[in-house]
Amino acid sequence: QIIDRHKGHKCLLSVDFPQSVSAEIVESPELTDHHVCFPQDDNWAETTTAVTGTSELSISQEEVVGLGKEIQDRTRNVRRYLPLAVGLCVGLLVLATPLVFLLLPAVMWPDRLQACGAACEGLFLSISFKLLILMVAIWALFLRPGRACLPRVCVYRAFLTTLTLLLTMSYWLFYGVRILDAQDEDYYGIAQFAVSLVDSQLFVHYLAVVLLELRQLQPCYSVCVIRSTDGETRHYNMGQLSIQRAALSILEYYYRDFPLHNPSILSAAKHRAAKHLAGLKVYNVDGDNGNQSRAMVAAAAKRKDSAHNELYYEEADYERRVRKRRARLVVAVEEAFTHVRRMTKEDENAPPSDIMDVREAALAVFPSMARSLQKYLRTTRRQHCHSMESIQKHLAFCLVNNMSPKAFLEAYLSPGPTLQYGSERWMADQWTLVSEASVTSGLKDGAEFLLKCLDFSLAVVVKGIPYIRLSEEYVDPKSHKFILLLQSETSV
C-alpha cells in the first residue's frame, strides 16, 4: 500500500521480484550521479603535476584560479543588479518629485498660500490615483529581475531613462525659478503643475510600453538556428529586435525546443569515421616507390567503395539493437506497473507489512525495470542524461498521479528539450555572442551571428519575411452550373 504523506494518494503494491536482480541493478554505477561518460586514464596519478611552493609569499595555481573566479563572480553580480538598482532610483525620483512639489510650499511659506478649497482637494485625489497607477506600471515593466547579462546596454532603456531624467530635471528647473524663488502664493497653480508632471510621466511610460513590448510583437524576420555539432535546426519568427536581444530570445527558445546536446553520439560518429579512415600499412620491400604509391591508391579506392556498405550494415545493426532494447524495456515497465494499483476501500484491510510511502514503493518497483532501462540508455548513448535518483523520482511522480507505463517511458524513449534535464547535465550558462555588426543594431535581412558556449555553437541566419500582396477575385454564385453528358460507354 502506497501512501503519499503530502497528497494522501494510496496504491496497493505487490512485489515478487528476485533479490539478486535488485542487488545487481542498484549497485551498478551506470545510473548513478557519479557516472562519467568519457573513458578515464587508470594511471592518472602517475602523470599528475602538483604545484607547490616553499616561500611564505608564494601562491598556488589553484588559489590564482579561485581568486580570478571570485572577482568574476562579483563583477557578474554587479552587472546583474546594476540595471535594477538604477531603475529603482529613477522610479523613486519620479514618484517622489510630485509630492515634493506639493509639500515644499506648505513647509516654506504656509502663511502666504492662498486657500483653493475643493478644487485643490480634487487635484490631490487625481495625483494620488495617478501616482498609484504609475507605481504599479513601473513595477510591472521595469522592476523585474534580469533574465540575462547582455554585453551592451539596451538602447531603448537608456533612451527612456535619459528622457525621464531630462523631463524631471526640466520640471525641477522651472519649479525652482518660477515657484521657489518667487514664492508663488497660488497653491492651485502649484497643484496643477504637479498634475502636469504626473501626466507627462504617464505618457513616458506609455512610450516605454510601445518601444519595449509592442514594437517587437509583429514578426518581421525568420531566424534559422543551427547547432554546429549535430546540425539540429529550428526556425523562429521575430520582430524588430537588436542583435543582442534577438540572441537572448534565441537562447530561451533553445532551452525550450532543442533536444539535449549529446556528445556521446558525436564521439561514436568520430570513432566510426576514424575506423573507416584508418591508415593502411604498406611495406616497401623492394624499394619501389612507384609500386608503393599505386598500391596505396588502389587500396584506398577499394576501401572507399566498401565504406558505404559498412556504414549501411552498421546503422541497420544499431537500429535492430535499439528496437530490441526498446521492446524489452516496454515489456519490463508494463510488468512492473501491473504490480501497483490505486488503493480502494476494499483494500483498507491490507496487512501493515505492505504499507509504504511513494519513495519506498518506487525503490521496490524500480529493480525490475532497471536492467532493461540501463541497457536501452546505454545503447542509445543517453545514460549520462538520467541519474538513478532522477529516474526513481520520476517513477514516484508517475505512481502518485496514476500515470500509465507509456507516460513513464516517454521521458526515456525520445530525447527531451534541454530545460527538462538538470543544469548539471548541460551547464551552458556562459554564452559568447560573435557578430560582425554592432550587437545594439537591429536585425536585418541576411544578417549572421554566432552564439558560442563551451562544447558547441549556434549559427544564426536572419531572413526578412517578404511583403505579401493579396488580391481578391469575385466568384459569381450563379456561375456554378453544370451539364451532365450521358454516353452509352460510361457507367453514368
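## Helix α9 and R359

R359 sits in helix α9, residues 358-379. Helices (H or I, at least four residues) and strands (E, at least two) are DSSP runs, numbered from the N terminus. This is a predicted model: local features need pLDDT of at least 70, side-chain atom pairs count only at pLDDT 80 or more, and totals for chains, interfaces and linings use all residues. Residues are numbered from 1 along each chain as its sequence is written, and side-chain values use heavy atoms, with hydrogens and water left out.

With a relative accessible area of 42%, R359 is partly exposed. Buried means under 20% relative accessible area, exposed over 50%, and partly exposed in between (1.4 Å probe, protein chains only). From R359 to F397 the C-alpha to C-alpha separation is 9.4 Å, across 38 residues of sequence.

A332 belongs to helix α8, residues 289-338. Its relative accessibility is 10%, so A332 counts as buried. A332 and P405 are 73 residues apart along the chain, and their C-alpha atoms are separated by 9.7 Å.

S128 is part of helix α3. Its relative accessibility is 44%, so S128 counts as partly exposed. S128 and V198 lie 70 residues apart in sequence, with 9.9 Å in space from C-alpha to C-alpha.

## Aromatic pairs

The whole structure holds 17 aromatic pairs. One of them joins F101 and Y175, which are stacked at 4.2 Å centre to centre with 15° between the planes. F101 is in helix α2 (residues 61-108) and Y175 in helix α4 (residues 155-180), so this pair ties together parts that are 74 residues apart in sequence. Rings of Phe, Tyr and Trp (its six-membered ring) pair if their centres lie within 6.5 Å; planes under 30 degrees apart count as stacked, over 60 as edge-to-face and the rest as tilted.

F101 has 0% relative accessibility and counts as buried. Y175, also at 0% relative accessibility, counts as buried. Ring pairs link F101 and Y175 with Y171, W172, F174 and F193 in a cluster.

## Charges over rings

R227 lies over the face of F456, 5.8 Å from the ring centre. The charged end of R234 sits over the ring of F258, at 5.2 Å from its centre. A charge sits over a ring if NZ of Lys or CZ of Arg is within 6 Å of the ring centre and within 35 degrees of the ring normal.

## The largest pocket

The largest pocket holds about 1,400 Å³ of space. Its lining has 50 residues, and the closest to the pocket centre are P83, F142, C154, R157 and R245. Elements giving two or more residues to this lining are α2, α3 (118-141), α4, α5 (187-214), β4 (233-238) and α6 (243-257). The largest share, 10 residues, comes from α2. Domain 1 (64-216) and domain 2 (221-262 + 426-464) each give at least three residues to the lining. Domain bounds come from an automatic or database domain assignment.

By type, the lining divides into 29 nonpolar, 12 polar and nine charged residues. Ala, Val, Leu, Ile, Met, Phe, Trp, Tyr, Cys and Pro count as nonpolar, Asp, Glu, Lys and Arg as charged, and the others, Gly among them, as polar. On a 1 Å grid over the protein atoms alone, a pocket is an open set of points where a 1.4 Å probe fits, with protein on both sides within 12 Å along at least five of seven lines; lining residues have an atom within 4 Å of a point. Grid points are joined across faces, edges and corners, and a volume is the space filled by probe spheres set on the points.

## Positive phi in loops

Most residues other than glycine have a negative phi. Q183 is not a glycine, yet its phi is positive, near 50°. Q183 lies in the loop between α4 and α5. At 29% relative accessibility, Q183 counts as partly exposed.

N402 is not a glycine either, and its phi is positive at about 55°. N402 is placed in the loop between α10 (388-400) and α11 (405-413).
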